[in-house]
Amino acid sequence: MAYEPAKTRYSQMKYNRCGNSGLMLPAVSLGLWHNFGYVDDFKVATDIITSAFDLGVTHFDLANNYGPPPGSAETNFGKVLKKELAGYRDELIISTKAGYTMWDGPYGDWGSKKYLVSSLDQSLKRMGLDYVDIFYSHRYDPNTPMEETMGALDLIVRQGKALYAGVSNYGPEQTEQAIAILNKLGTPLLINQPKYSMFERAPEKGLIDVLGRENVGCIPFSPLAQGMLTNKYLKGIPTDSRAGKVHGFLKVDQVTPDKLEKITNLNELAKTRNQTLALMALAWILKDSRITTVLIGASSVKQLEDSLGCLENTTFSADELLQIDGIIG
Ligand code: NDP
């Protein structure tokens, strides 16, 4: 049977304004870093994407290097766009990025105008798109003038190959610099994509304050610390988990006894809130009004559906927050 999007798709999701822009993003967005490459089951990947759309998740986040192999997540997503999601482009916010190693030689990495412009052209071809909604500089490049990297984002937006400009993995000072340059160029920074979870607290040391003050959106990635902030590793490493797969970015040795003890204690605290640990970890990100949307991953439709339950309770008492910080240490 041909896929038909659910008529109810906008009835439950919450949409938040992204900084000072006209763009609304769903409170939960879906990333295609893992589980959407050629190594993965394409039927499962397709089902996750269409189920997300059915549940009001309008934002899909990609990058040139997602796979494996690099590029294959974009190609697979392009297939879904062409078939299941054909006719729905205007209901979707699609992002991609360039900044990490993509091809051989000096023009396939970091933040030069040469790399960003050519990479986006390749991404557009792989996805079969004329434009993406958000194009990111995937990481700060200390060896390229920030004016050049931001100039590339401005050029890309002016060419109509992206509607908005974003940065990812930029610290607070780098973000302030990017905001200033982009403002001068007339293409304001839409959003920053940092790694942020109960385990990864760096954005609390200035970045979120900068984004709040400048009214720029914030889309934290790996909110579940790649799956560690769930109950899945409490009884060992499941073979079908990210840490259990050879191509998973999460390695077994990152699931340390110290982390497991914290996960166990967080799991107990989550129970007192009538949430699973996964839901508490996602809700914990969304408790801050400066966060536009939380960027999740999922290896099954069930996980995706489950994770969206975080929207039911995103408030924490001062005591719960203290307990979380006490457990994390
Ligand atoms: P998460 O921290 O949300 O981890 C996702 C993983 O957690 C899933 O693959 C699954 O692991 C597990 N999981 C998800 N939901 C549940 C659930 N309800 N119950 C139990 N387990 C669950 O995010 P990701 O690390 O996947 O990152 C999300 C997105 O962020 C990426 O797809 C990408 O778009 C973006 N990103 C950006 C980066 C950047 O540099 N800008 C870097 C990394 C990510 P399992 O597979 O084991 O089942």
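In which helix is the place of Asp-325? I found Asp-325 in helix α10, which covers residues 318–328; helices here are DSSP runs of H or I with at least four residues, strands are runs of E with at least two, and both are numbered from the N terminus. Before going on I noted that this is a predicted model, in which local features need pLDDT of at least 70 and side-chain atom pairs count only at pLDDT 80 or more, while totals for chains, interfaces and linings use all residues. Residues are numbered from 1 along each chain as its sequence is written.

**Entry 1: Asp-325**

**Entry 2: the whole protein**

I listed ten helices and ten strands in the protein. With 329 residues, a compact globule would have a radius of gyration near 20 Å, and the 19 Å of this protein agrees with that; the radius is taken over C-alpha atoms, and the globule rule is 2.2 Å times the number of residues to the power 0.38. Along the principal axes, the C-alpha atoms fill a box of roughly 50 × 50 × 40 Å. Of the 329 residues, 46% count as buried.

**Entry 3: the sheet**

In what order do the eight strands of the open sheet stand? I wrote down β9-β8-β7-β6-β5-β4-β3-β10, with parallel pairing; two strands pair if DSSP finds at least two bridges between them. The edge strands are β9 (217–218) and β10, each of which pairs on one side only.

I followed part of this order strand by strand. Strand β4 (residues 59–61) pairs with β5 in the parallel sense over three bridges, and the bridge partner of Asp-61 in β5 is Ser-95. Ser-95 also stands opposite Ile-134 in β6, and β5 (residues 93–98) pairs with β6 in the parallel sense over four bridges. The chain passes from β5 through helix α3 (residues 113–127) to β6 in a right-handed β-α-β crossover; right-handed here says that, with the strands pointing away from the viewer, the path from the first strand over the helix to the second runs clockwise.

Strand β6 (residues 132–137) is mostly covered, with six of its six residues buried. I counted five bridges in the parallel pairing of β6 with β7 (residues 162–168), where Phe-135 has Ala-165 as its bridge partner in β7. Helix α4 (residues 146–158) lies between these two strands in another right-handed β-α-β unit.

Ala-165 has a bridge partner in β8 as well, namely Leu-189, and four bridges join the parallel strands β7 and β8. The crossover from β7 through helix α5 (residues 172–185) to β8 is right-handed. In β8 (residues 189–193), five of its five residues are buried.

**Entry 4: backbone details**

Most residues other than glycine have a negative phi, and most peptide bonds are trans. I therefore marked the places that depart from this pattern. Cis peptide bonds join Gly-67 to Pro-68, with omega about -5 degrees, and Pro-68 to Pro-69, again with omega about -5 degrees. Pro-68 is in the loop between β4 and α2 (72–82).

Asn-169, in the loop between β7 and α5, has a positive phi of about 60 degrees although it is not a glycine. Asn-169 is partly exposed because 18 other C-beta atoms lie within 10 Å. Ala-225 has a positive phi of about 50 degrees, and its 20 C-beta neighbours inside 10 Å are why Ala-225 counts as buried.

**Entry 5: the ligand**

How many residues surround the ligand? I noted 30, and the closest are Gly-31, Trp-33, Phe-221, Gly-227 and Gly-297; a residue is near the ligand if its C-beta atom, placed from the backbone, lies within 6 Å of it. Helix α9 gives the most to this shell, with three residues.

Technical notes
Buried ≥ 20, exposed ≤ 12 C-beta atoms within 10 Å, placed from the backbone.
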